[in-house]
Amino acid sequence: MSAEKAVLAGGCFWGMQDLIRKRPGVISTRVGYTGGDVANATYRNHGTHAEAIEITFDPAVTSYRDLLEFFFQIHDPSTVNRQGNDIGVSYRSAIFYVGDEQKRVAEDTIADVDASGLWPGKVVTEVTAAGPFWEAEPEHQDYLERIPDGYTCHFARPGWKLPRRAG
């Protein structure tokens, strides 16, 4: 098995991790901070980093495109620096690509989301190269597994299926 990594941000990392970890082909997940200006980021001091999830997955079971389609289903990519009640740069929508192919797939998937009209506005998701990932503290890892009634603003939308645009 050859595992690949994906790094995504779409609001509070607890809800993202809880839903994505259950996907077929996902080997492991961890939450943390990336895409910002503070080295050795922590919950109390993460500057302009986004709350993000690092996903290790088996591409023979699930594709990067499949992960991105689910990512766009479980959070609203049309809100700038906001997800539900969470407001600020930490809660922005972002794809931190690992390699040119992931960048291409991300841009193509965003074009499909924009063409679909499934969200009330255009996608504002940042697409940028992955950089350092600072793992969040233990109390933030697997949060909703430990605290099942804990806070989340992420949910799967029944019947939500991203169509591919024509041409």
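Q: Where does Ala136 sit in this predicted model?
A: In this predicted model, look at the loop between β8 (133–135) and α4: that's the place of Ala136.

Q: Why is Ala136 called buried?
A: Its relative accessibility is 4%. The cut-off for buried is under 20%, so Ala136 counts as buried.

Q: What is Ala136 in contact with, leaving aside its neighbours within four places in sequence?
A: Its partners are Phe13, Val31, Gly32, Tyr33 and Gln141. Contact here takes heavy atoms within 4.5 Å.

Q: What makes helix α1 "mostly covered"?
A: Helix α1 spans residues 13–20, and eight of its eight residues are buried. That puts each of them under the 20% cut-off. Here are the buried ones: Phe13, Trp14, Gly15, Met16, Gln17, Asp18, Leu19 and Ile20.

Q: What covers the buried residues of α1?
A: The cover includes the strands β1 (4–10), β2 (26–34) and β3 (50–57), along with the helices α2 (64–74) and α4 (143–146).

Q: Which residues is Ile20 in contact with, apart from neighbours within four places in sequence?
A: Ile20 meets Leu8, Val26, Thr29, Ile53, Ile55, Phe70 and Ile74.

Q: Which members of the largest nonpolar core touch the most other members?
A: This core has 26 residues, and the ones to look for are Leu8, Ile20, Ile55, Tyr64, Leu68, Phe72 and Ile95. Two or more residues each come from β1, α1, β3, α2, β6 (93–97) and α3. The most come from α2, which gives seven. Another core, of ten residues, lies apart from this one, and Ala136 is among its members, as are Cys12, Ala41 and Tyr143.

Q: Which residues make the contact between α2 and α3?
A: On the α2 side, find Tyr64, Arg65, Leu68 and Phe72. On the α3 side, find Gln102, Val105, Ala106, Asp108, Thr109, Ile110, Asp112 and Val113. Sorted by kind, the contact has seven nonpolar, two polar and three charged residues.

Key. Residues numbered from 1 in each chain as written. Predicted model: local features only at pLDDT ≥ 70, side-chain atom pairs only at ≥ 80, totals over all residues. Heavy atoms only, no water. Buried < 20%, exposed > 50% of the residue type's maximum accessible area, 1.4 Å probe, protein only. Helix = DSSP H or I, 4+ residues; strand = E, 2+ residues; numbered from the N terminus. Nonpolar A, V, L, I, M, F, W, Y, C, P; charged D, E, K, R; others polar. Core = buried A, V, L, I, M, F, W, Y, C linked by side-chain atoms within 4.5 Å.
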